[in-house]
Amino acid sequence: MAEALKLARNGLYSASPNPRVGCVLVRQGQTVGRGWHMRTGAPHAEVNALSEAGDRSAGATAYVTLEPCSHRGLTPPCADALVEAGVARVVAGMRDPDPRVSGRGLERLRSAGIAVEVGLLETQCRALNRGFISRHERHRPWVTVKLAASLDGRTAMASGESQWITSVSARRDVQRLRARSDAIMTGIGTLLADDPSLNVRLSGKELGCSGEVRQPIRVVLDSEYKTPGSATLFSLPGEILIYGIKPQRDCGHGATRVRAARVSVPAVNGRPALDAVMRDLASRGINEVLVEAGATLVGALIEAGLVDELVLYLAPHLMGSRARGLVHLAGVEQMADRIGLEWIDNRMVGQDLRLTARVVRASKAV
């Protein structure tokens, strides 16, 4: 199963909106087939492993990180392929949360007389597909917030100047966060102030994967659709979504000329309802969202209970008390109101410190 997980990671930057899946076939103590899922429409991990094993699949044990699918989508059901190949035993890392599959693939295997076990290295299997699981179980994507700050927690000077707080190494590392994400989200304030590209600028070779790099969808929260057509992100390839609260016929003058899909959602305090935005993204097959935004939007997402993980790059310098703060949390007045975090990882990236934390307590979504 550890080998299957390693294979599944080959799809880290390309498999979505499908899950990242790996499969290893073992017969008489020998590995006879390996496979992983590259992208939507391509053969699934089990099919690739069976193809490599050929006749040696008969009587083998299949170790697969996710329950084999039982429905016909762009490709035939993997459960049927395993049955037809004569596999004797299937060990799945976890049950598939997709309601079209959940349990049905396992039942198909059992009804054919195949021994089935579920739950081996399940924690690792779930971590690899955290966004896919979130989309099906919580009906919203997995949300990671990327932050960059000085050691005293400042993200920009009082004037707004912010380039560059962190090192080239840290900014290159952020490209990997972008590459594994289905969407990158920012707010209209950040877009107008920084004119970000919000794209992946590393090649597949630089990312350590095969094939063409998939560009994430760029998402802008813009209440009145004031995004200017001159924004850099419109000069780059890829899909763009602008979420606002006005009906489409009332779009601001700048938005009428831009290449983007405009999505109207309900308003909360004069801004797009964040939970509605996340539900809409999930309905579009978005598994993971990376937020690169200012303190106000980041704070609103945290207070709404919509942030799962924070990735903070701390640079070894001080920017002073007049510089802008990291997160704006209007609802935190007392110690009891604090947002709880759990440290997940810390490491040096060039001269900067990268801290990763999970949110363990947040207020209810609005």
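The legends below describe close-up views of a predicted model.

Residues are numbered from 1 along each chain as its sequence is written. Because the model is predicted, local features need pLDDT of at least 70 and side-chain atom pairs count only at pLDDT 80 or more, while totals for chains, interfaces and linings use all residues, and side-chain values use heavy atoms, with hydrogens and water left out.

View 1. Helices (H or I, at least four residues) and strands (E, at least two) are DSSP runs, numbered from the N terminus, and two strands pair if DSSP finds at least two bridges between them.

**View 2. Strand E1 has antiparallel partners in E2 and in E3.** Six bridges connect E1 (residues 22–27) with E2 (residues 30–36). Within this pair, Cys23 has Gly35 as its bridge partner, and Leu25 has Gly33. The two strands form a hairpin with two residues between them, and Gln28 in the turn has a positive phi of about 50°. Four bridges connect E1 with E3 (residues 61–64), where Val24 stands opposite Tyr63.

**View 3. Ala62 belongs to the largest nonpolar core.** A nonpolar core is a set of buried Ala, Val, Leu, Ile, Met, Phe, Trp, Tyr and Cys residues joined through side-chain atoms within 4.5 Å; buried means under 20% relative accessible area, exposed over 50% and partly exposed in between (1.4 Å probe, protein chains only). This core has 42 residues, and those with the most contacts inside it are Leu25, Ala62, Leu82, Val87, Val90, Leu109 and Leu207. Contact means heavy atoms within 4.5 Å. Not counting residues up to four places away in sequence, Ala62 touches Cys23, Val24, Leu25, Leu82, Val87, Arg89, Val90 and Val91. A second, separate core of 36 residues includes Met185, Ala273, Val298 and Val307.

**View 4. Nine strands build an open sheet with mixed pairing.** The strand order is E11-E10-E9-E8-E14-E6-E15-E18-E17. Strand E11 (261–264) and strand E17 (341–349) are the edges, each pairing on one side only. Neighbouring strands of this sheet are turned by 20° against each other on average, direction ignored. Helix H6 (residues 130–137) packs on the sheet and touches strand E6 (142–150), strand E14 (288–291), strand E15 (309–315) and strand E18 (352–359), its direction making about 130° with that of E6. Helix H7 (residues 168–180) lies across E6, E8, E14, E15, E17 and E18, running at about 165° to E15.

**View 5. Strands E8 and E9 run parallel.** Five bridges join E8 (residues 183–187) to E9 (residues 217–221). Gly187 stands opposite Leu221 in E9.

**View 6. Leu241 is a buried residue of strand E10 (residues 240–244).** Leu241 counts as buried because its relative accessibility is 0%. The C-alpha atoms of Leu241 and Val219 are separated by 4.8 Å, although these residues are 22 residues apart along the chain. Leaving aside neighbours within four places in sequence, Leu241 is in contact with Ile217, Arg218, Val219, Val220, Ala261, Val263, Leu281 and Arg284.

**View 7. Helix H10 (residues 274–283) is mostly covered.** Eight of its ten residues are buried: Leu274, Asp275, Ala276, Val277, Met278, Asp280, Leu281 and Ala282. Just after H10, Gly285 takes a positive phi of about 85°.

**View 8. Thr356 lies in strand E18.** Thr356 is buried because its relative accessible area is 8%. Its contacts, not counting residues up to four places away in sequence, are Glu309, Leu310, Val311, Glu342, Trp343, Ile344 and Asp345.

Terms used:
Axes fitted to C-alpha atoms, helices over the stretch in contact; angles between N-to-C directions.
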